[in-house]
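Colleague: I am new to this model and would like to go through it one feature at a time. Please show me the sequence and the structure before we start.

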Amino acid sequence: MDPKEVIQGLLATTTLSDEVSKYLEFKLTYCLDGKCEIGLVVSEKHHNPFGTLQGGVISDLVEQAMSYAFYSTLSEKESFVTLTLQVNYFKPVTKNAIKAIAVCTNRGKNISFLECELITSEGTLLAKANMTCKIIQIS
């Protein structure tokens, strides 16, 4: 299936199709030409035992944003695998609307690089992430 058609369908509902994203209530707000935004309203459901947003939820949110940003650059005959994922955390979150903004900064023939910023609705930078992907051909 054409990645652009899949993304258009997801944007129409704002709901991502995988079960983890549904459970965590990620909302796809923008995805086109190597850029993607996914939002989350943080609640206690997302907290670790210490009362702040679980680092794994942040990691999953930025990975999803970068994955969809990259997916939007692929053809029907391409898919990808993640080679590396790095997340740097700057500030804790207890409750707030947050947004992961991802961009494909280098789309290579085989290997590509993406970056993502996690920010609050007020624009405070919470985390930065990057990911390296390998393009694979599918039949």
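**Surface, pairs and interior**

Colleague: What is the relative accessible area of Lys128?

Modeller: Lys128 counts as partly exposed. That class lies between buried, under 20% relative accessible area, and exposed, over 50%, with a 1.4 Å probe and protein chains only as cover. The relative accessible area of Lys128 is 37%.

Colleague: What is left out of the side-chain values?

Modeller: This is a predicted model, with residues numbered from 1 along each chain as its sequence is written, in which local features need pLDDT of at least 70, side-chain atom pairs count only at pLDDT 80 or more, and totals for chains, interfaces and linings use all residues.

Colleague: With which residue does the side chain of Lys128 meet in a salt bridge?

Modeller: A salt bridge is a side-chain nitrogen of Lys or Arg within 4 Å of a carboxyl oxygen of Asp or Glu. The N to O distance in the pair formed by Lys128 and Glu117 is 3.4 Å. Lys128 belongs to strand β6 (residues 125-137) and its partner to strand β5 (residues 111-120), so parts that are 11 residues apart in sequence are tied together. The partner of Lys128 is therefore Glu117.

Colleague: How many residues apart in sequence are the parts tied together by Arg107 and Glu78?

Modeller: The side chains of Arg107 and Glu78 meet in a salt bridge at 3.1 Å, N to O. Because Arg107 lies in strand β4 (residues 97-107) and Glu78 in strand β3, the parts tied together are apart in sequence by 29 residues.

Colleague: How many of the 17 residues of α3 are buried?

Modeller: Helices (H or I, at least four residues) and strands (E, at least two) are DSSP runs, numbered from the N terminus, and α3 covers residues 55-71. The helix is largely enclosed by the rest of the structure, because the number of its 17 residues that are buried is 14.

Colleague: Which residue has its backbone nitrogen 2.8 Å from a polar atom of the Ser72 side chain?

Modeller: Ser72 sits in the loop between α3 and β3, where it is buried at a relative accessible area of 4%. Its side chain reaches the backbone oxygen of Ala69 at 2.6 Å. The backbone nitrogen that lies 2.8 Å from a polar atom of the Ser72 side chain belongs to Gly34.

Methods:
Heavy atoms only, no water. Expected span 1.5 Å × (residues − 1). Polar contact = N/O pair within 3.5 Å; in protein donor to acceptor, adjacent residues only side chain to side chain.
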